[in-house]
Amino acid sequence: MAIPLKARPVQNDLGIVGWGWAGRYGLERYLYTLHRLTGLGVLFYLVLHIFATSTRIFGEPAWKATMGFLHHPAFRFGEYLVFAGFVFHALNGVRLIFQELGYLLGKPTPPVFPYSYGLRDFRPVAFLVVVLAVVGAFVAFCDMFLV
Amino acid sequence: MKEGLGWFFQLFTGLFLVALLGVHMLGMHMDTLLPRFGMGYKDPLVFQEVLKRGHAPLFVAFYVVFLGLALYHGFYGLRAVLMEVWASSRTLSSINMLVWSLGLFLFFLGTAVSVGFFLV
Ligand code: HEM
Ligand code: HEM
């Protein structure tokens with residue numbers, strides 16, 4: 001069913017392209033995209049991880065071979081990305097859990113001008129998530145590449 | 001399963017994963033900075049350490065619970081993404097089948113490895 005793109009409602013039907021851009025997104029919407037990417041990334045890692053760590057059942061030589069293989073700089077960098085992604089996903093996830101259950105949004109008010117927006121009123125929480133995630137990623141960077 | 005319950009359980013597992021995965025990542029990954037402050041492992045990935053953990057009943061229990069929660073949370077999330085990308089009632093049952101079979105397979109594999117390693 002090829003509906004011409006122009007005939008569709010733009011906001012909701014851009015598919016994967018819409019993850020990145022579909023109009024004027026606020027900070028929280030980009031955090032959502034990043035939350036999705038990091039979640040899928042960590043899940044992908046988990047699947048490989050279950051296979052990789054299962055080699056321990058074949059004894060020390062098999063384990064050493066696996067670890068030797070994973071010592072390649074590409075995998076080390078991948079492991080760093082997993083850590084940084086996890087830190088962001090966990091922090092933003094805790095924010096989402098609160099806000100999806102109705103906390104950290106303020107009290108509902110009647111729609112009388114000047115309007116109050118729950119998410120926007122609590123934007124410092126979103127900023128805090130970003131700052132803490134950057135700090136966490138930096139500490140992990142030091143742990144892995146500098147010290 | 002009721003849709004809302006499955007979602008609530010994803011949030012719930014997320015909270016638990018903060019603790020479980022947090023401990024796992026700090027112990028396994030932050031092996032340079034933490035030992036300097038007298039915490040964590042120095043060489044968590046050498047086989048002797050893997051063996052020690054693998055023969056501690058608490059670690060085995062930890063891994064099986066952790067494995068189950070992480071797989072549920074992650075595959076429920078993948079399901080949500082796929083449902084959005086292929087939004088149609090025809091694809092839903094294929095998506096459900098895909099995430100359940102992959103998730104259960106990985107859960108049994110990981111459990112067998114953890115328990116098997118404990119027993120040898
Ligand atoms: C990136 C740094 C990571 C390192 C270095 C690491 C290391 C390890 C190692 C060595 C084991 C084997 C058990 C043991 O030695 O005690 C293990 C098991 C496990 N890890 Fe990780 N891990 C990492 C990240 C993760 C992440 C991000 C997840 C979850 C999404 C995860 C989930 C698990 C699970 C579920 C097991 C148990 C597997 C089984 O039952 O066979 N790990 N990890
Ligand atoms: C560390 C603790 C974690 C917390 C607090 C957390 C929290 C959350 C929350 C609140 C959501 C959104 C649910 C919703 O849309 O209502 C979510 C989605 C997701 N999570 Fe996690 N999570 C954690 C760890 C993980 C891990 C280990 C994985 C991978 C195995 C993962 C994979 C995903 C995926 C794939 C999604 C779906 C993203 C989407 O729908 O856009 N998460 N997480």
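Modeller: Gladly. Let's begin with contacts: two residues are in contact when they have heavy atoms within 4.5 Å. Keep in mind throughout that this is a predicted model.

Colleague: Then what share of the contacts in chain A with a separation of 6 or more comes from residues 24 or more positions apart?

Modeller: In chain A that share is 58%. For chain B, 66% of the contacts between residues at least 6 apart in sequence join residues at least 24 apart.

Colleague: Next, secondary structure. How many helices and strands are there in chain A?

Modeller: Chain A has six helices and zero strands, so its pattern along the sequence reads α-α-α-α-α-α. Chain B has five helices, again with zero strands, and its pattern is α-α-α-α-α.

Colleague: And how spread out is chain B?

Modeller: Here the idea is to set the radius of gyration beside the value from the globule rule. Chain B has a radius of gyration of 18 Å, while the rule gives 14 Å for 120 residues, so chain B is more spread out than a compact globule. Its C-alpha atoms fill a box of roughly 55 × 35 × 20 Å along the principal axes. The box for the C-alpha atoms of chain A is roughly 70 × 45 × 25 Å.

Colleague: What about burial: what percentage of the residues in chain A is buried?

Modeller: The cut-off to remember is that buried means under 20% relative accessible area. In chain A, buried residues make up 30% of the 147 residues. In chain B they make up 42% of the 120 residues.

Colleague: Now charges. How far apart are the mean positions of the positive and negative charges in chain A?

Modeller: In chain A there are 12 positive and 7 negative charges, and their mean positions are 8 Å apart. In chain B, the mean positions of the 7 positive and 5 negative charges are 4 Å apart.

Colleague: How many salt bridges are there over all chains?

Modeller: The test is a side-chain nitrogen of Lys or Arg within 4 Å of a carboxyl oxygen of Asp or Glu. By that rule there are five salt bridges over all chains. One of them joins the side chains of Arg123(A) and Glu28(A), at 2.8 Å from N to O. This pair links distant parts of the chain, with Arg123(A) in helix 6 (residues 123-146) of chain A and Glu28(A) in helix 2 (residues 27-54) of chain A, 95 residues apart.

Colleague: Are those two partners buried or exposed, and what are their relative accessibilities?

Modeller: Arg123(A) counts as partly exposed at 24% relative accessibility, whereas Glu28(A) is buried, with a relative accessible area of 10%.

Colleague: Which residue forms a salt bridge with Arg36(A)?

Modeller: Its partner is Glu84(B), and the closest N and O atoms are 3.1 Å apart. The pair crosses between chains, from Arg36(A) in helix 2 of chain A to Glu84(B) in helix 4 (residues 57-85) of chain B. Arg36(A) counts as buried at 11% relative accessibility, and Glu84(B) is partly exposed with a relative accessible area of 43%.

Colleague: And where do Arg79(B) and Glu3(B) lie?

Modeller: Their side chains meet in a salt bridge at 3.1 Å, N to O. Arg79(B) lies in helix 4 of chain B and Glu3(B) in helix 1 (residues 3-29) of chain B, so the pair ties together parts that are 76 residues apart in sequence. Arg79(B) is buried, with a relative accessible area of 10%, while Glu3(B) is partly exposed at 42%.

Definitions and conventions. Residues numbered from 1 in each chain as written. Chains lettered and ligands numbered in written order. Predicted model: local features only at pLDDT ≥ 70, side-chain atom pairs only at ≥ 80, totals over all residues. Heavy atoms only, no water. Helix = DSSP H or I, 4+ residues; strand = E, 2+ residues; numbered from the N terminus. Rg over C-alpha atoms; globule rule 2.2 N^0.38 Å. Buried < 20%, exposed > 50% of the residue type's maximum accessible area, 1.4 Å probe, protein only. Lys, Arg positive; Asp, Glu negative; His and termini not counted. Charge placed at Lys NZ, Arg CZ, Asp CG, Glu CD.
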